[in-house]
Amino acid sequence: MELSSRVEYALLALLELASYHPKNSPLTVNEITASGEIPERYLDQILAVLRRAGIVQSLRGAKGGYLLAKEPWQITLLEVFSTLEGDGSGQAKKVSESATIEKTAVLEIWQEAQQASLAVLGKYTLQDLCEQRDVRKQANPMYYI
């Protein structure tokens with residue numbers, strides 16, 4: 001399993017939205033991409049998928065933008081991954097009856113590894129990610145002159 005740029009950009013955008021979640025103020029795509037880490041055109045596509053999945057909601061109008069549709073502790077990283085990449089079952093090959101013993105052993109271990117990684121993603125929420133970010137910010141303070 002690999003962290004695709006699509007999932008990485010989605011998590012970065014969701015982190016930004018989670019920062020403004022207590023204020024209940026929507027962020028525009030421009031505001032989300034202000035850090036320069038996410039291409040704006042790509043983010044539009046990602047946010048559309050997340051909106052259809054009920055992870056974010058969009059508001060139209062002059063004061064519109066995007067908000068989290070749920071509390072950060074209710075959004076698991078697995079939910080984000082599955083929304084953008086599928087449930088992962090298409091990536092895992094099924095062991096066929098005609099497979100060799102060696103191939104069967106390799107595929108079974110690969111499936112076990114994939115299930116373990118999905119379990120880890122299911123264990124962490126967007127809130128956990130925000131807390132880890134905040135701890136790292138405190139550990140590495142920025143000094144301005």
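**The hairpin and its surroundings**

Tutor: Gly-61 has a positive phi near 105 degrees and sits in the hairpin of E1 and E2, where 5 residues lie between the strands. This is a predicted model, and the values here are computed from it. The strands themselves are E1 (residues 56-59) and E2 (residues 65-68); they run antiparallel and are joined by 4 bridges. Within this pairing, Ser-58 has Tyr-66 of E2 as its bridge partner.

The search of the whole structure gives 1 aromatic pair. Its members are Tyr-9 and Tyr-42, arranged edge-to-face, with 5.5 Å from centre to centre and 90 degrees between the planes. Because Tyr-9 belongs to helix H1 (residues 5-19) and Tyr-42 to helix H3 (residues 40-52), the pair ties together parts 33 residues apart in sequence. Tyr-9 has a relative accessible area of 17%, so it is buried. Tyr-42 is at 26% relative accessibility and therefore counts as partly exposed.

On the H4 side, the contact is made by Leu-77, Leu-78 and Phe-81; on the H5 side, by Leu-118, Leu-121 and Gly-122. By type, the residues of this contact of H4 with H5 are 5 nonpolar and 1 polar, with no charged ones.

Key. Residues numbered from 1 in each chain as written. Predicted model: local features only at pLDDT ≥ 70, side-chain atom pairs only at ≥ 80, totals over all residues. Heavy atoms only, no water. Phe/Tyr/Trp six-rings, centres within 6.5 Å; stacked < 30°, edge-to-face > 60°. Helix = DSSP H or I, 4+ residues; strand = E, 2+ residues; numbered from the N terminus. Buried < 20%, exposed > 50% of the residue type's maximum accessible area, 1.4 Å probe, protein only. Pairing = 2+ DSSP bridges. Contact = heavy atoms within 4.5 Å. Nonpolar A, V, L, I, M, F, W, Y, C, P; charged D, E, K, R; others polar.
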